[in-house]
Amino acid sequence: WRSLYFSNQSVRLTMRSSIVWLVALFLVAQGSKFDAMVNDAKADVESRHGKIWVVMVAGSAGWMNYRHQSDVCHLYRLLTKHHGIPKAQVVVMMYNDIAFNKANKYPGQIINALHGTDVYEGTMIDYMGQDVNPENFLKVLRGEEMRVGSRKTLASGPKDHVFVNFVDHGDNGVLGFPNDELHLVDLNQTLHDMHRMGRYSQMLWYVEACFSGSMFQGLSPDLNMTALTAANSMESSYACVWDDDIGVFLGDCWSLNWMNNTEQIYPRLYKESVEQQYQIVKNMTTESHASVFGDLRRTYHDKLSVFLGHPFLGDELESPPPVLSPPRDPVATPDVLLETLRRRRDRLNLNVGMEIEYHEKMEEEARRTVLRIVVSVAGEGTAEDDGGDTGKRWEAEERQRINNPQCNKDVLSTFYRECYRRQTHPYITKYTYRLSNLCNSHNSKLIVDTIKRACTKFLA
């Protein structure tokens, strides 16, 4: 009977093993069918809507600009890990001096403001250091062959959708880069070139920068392109989420708000349109006036999934972690440098008094220098005058629309080069609009020559 018992047990085990194998084979077959369905769905989406291409730029350098690289790394993870956009279709420009900065208490990490987690790991940076410049950025947009960095470029075509995210400082008709600036006149030319060359079907810009609206005020609706900006042409954007432990602001208010909204609707990006997100985030962003420009007929009404990815088509995607807290503690971007130094002094007991005194002095000097230039160009004084009552009148003047982009470039480039670098003296953007305004009523050569005379002593 014992042999019969073990024989029966053996049969049962054999039958169980067979059933397990059959189930396993069935699941593998179903998995293969599911994979095939996913691949078919991907192919169908791409055949009808084209591919999604992404270009993202953190245009700053330096520890105090931590938030810009944090924003970009956060977005990179969101689009590639959670939304299923292939990394091969994402181009990243980032100076890459934060994660291993000597001031970083957590080497190799960049902390995300919404979740308090590292977002640097896994970020593939295509262009870093000196390669992060306006020329390379515009070449990437035009899909030109690159000879630096990873050499990745925007290989998009007439069926494809392009999403561009730019995060940095800005000025009137200017987007910042670590050692240079992108000017309105050059961006306009590139956007028209892209349209003419069929580099996209539709294009969406999200731009976090001061006065970012000034870059798109004249954007034609016929370019099939929509631009959403953190601020209008008259105001600053804002940094958010100060961290005493790290000693910096971790993010930018508008960017954190739109990424927060995107994560809240995950994975149903197909249910919210660009217009809906714009309105939601505009209401969330109380510090600046989020703005929209360009095509408000088609691109503006498309679903977010058209530009930010189709999570349901991704492979082994993860849901974003829950948000710890909404953005808080906003500070106008031109004031971040001085505010950071003051918080380091008052909260962290660091000896930065001389730095604070230096920048306070330089800001006042820059304000006076701009007024002297304006008064001199207007023929109401000389470049050596202090401005006086005439200067006060010009000081009250409001920002004007840029009517001569080439003059604006010539004038601001000269001021940055001859007087104060925007990268090291970010507060100057509160005053430089007065120089831009001159372009609407005076010859650019006159303005440029006056700047050079007024700023000779600053050359260094």
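Reply: Buried means under 20% relative accessible area, exposed over 50%, and partly exposed in between, with a 1.4 Å probe and protein chains only. N136 has a relative accessible area of 9%, so N136 is buried. This is a predicted model, in which local features need pLDDT of at least 70 and side-chain atom pairs count only at pLDDT 80 or more, while totals for chains, interfaces and linings use all residues. Residues are numbered from 1 along each chain as its sequence is written, and side-chain values use heavy atoms, with hydrogens and water left out.

Me: Where is N136, and which residues does N136 touch, not counting residues up to four places away in sequence?

Reply: Helices (H or I, at least four residues) and strands (E, at least two) are DSSP runs, numbered from the N terminus. N136 is in helix α3. Contact means heavy atoms within 4.5 Å. Leaving out residues up to four places away in sequence, N136 touches M93, D131, M146 and V148.

Me: How many of the 9 residues of α3 are buried?

Reply: The count is 7 of 9, so α3 is mostly covered. Among the buried ones are P134, N136 and F137. The buried residues of α3 pack against β1 (52-58), β2 (90-94), β3 (161-167), β6 (181-183), α4 (184-197) and β7.

Me: How do I read a pair of aromatic rings?

Reply: Such a pair is described by the distance of the centres and the angle of the planes. Rings of Phe, Tyr and Trp (its six-membered ring) pair if their centres lie within 6.5 Å; planes under 30 degrees apart count as stacked, over 60 as edge-to-face and the rest as tilted. By this rule there are 14 aromatic pairs. The rings of F137 and W205 have centres 6.2 Å apart and planes at 90 degrees, so this pair is edge-to-face. The pair links distant parts of the chain, with F137 in helix α3 (residues 134-142) and W205 in strand β7 (residues 202-208), 68 residues apart.

Me: Are F137 and W205 buried or exposed?

Reply: F137 is buried, with a relative accessible area of 0%. W205 is also buried, at 0%.

Me: Which residues form one aromatic cluster with F137 and W205?

Reply: F166, F177 and F216 form one aromatic cluster with F137 and W205.

Me: What about a charge over a ring?

Reply: A charge sits over a ring if NZ of Lys or CZ of Arg is within 6 Å of the ring centre and within 35 degrees of the ring normal. R399 lies over the face of F211, at 3.7 Å from the ring centre.
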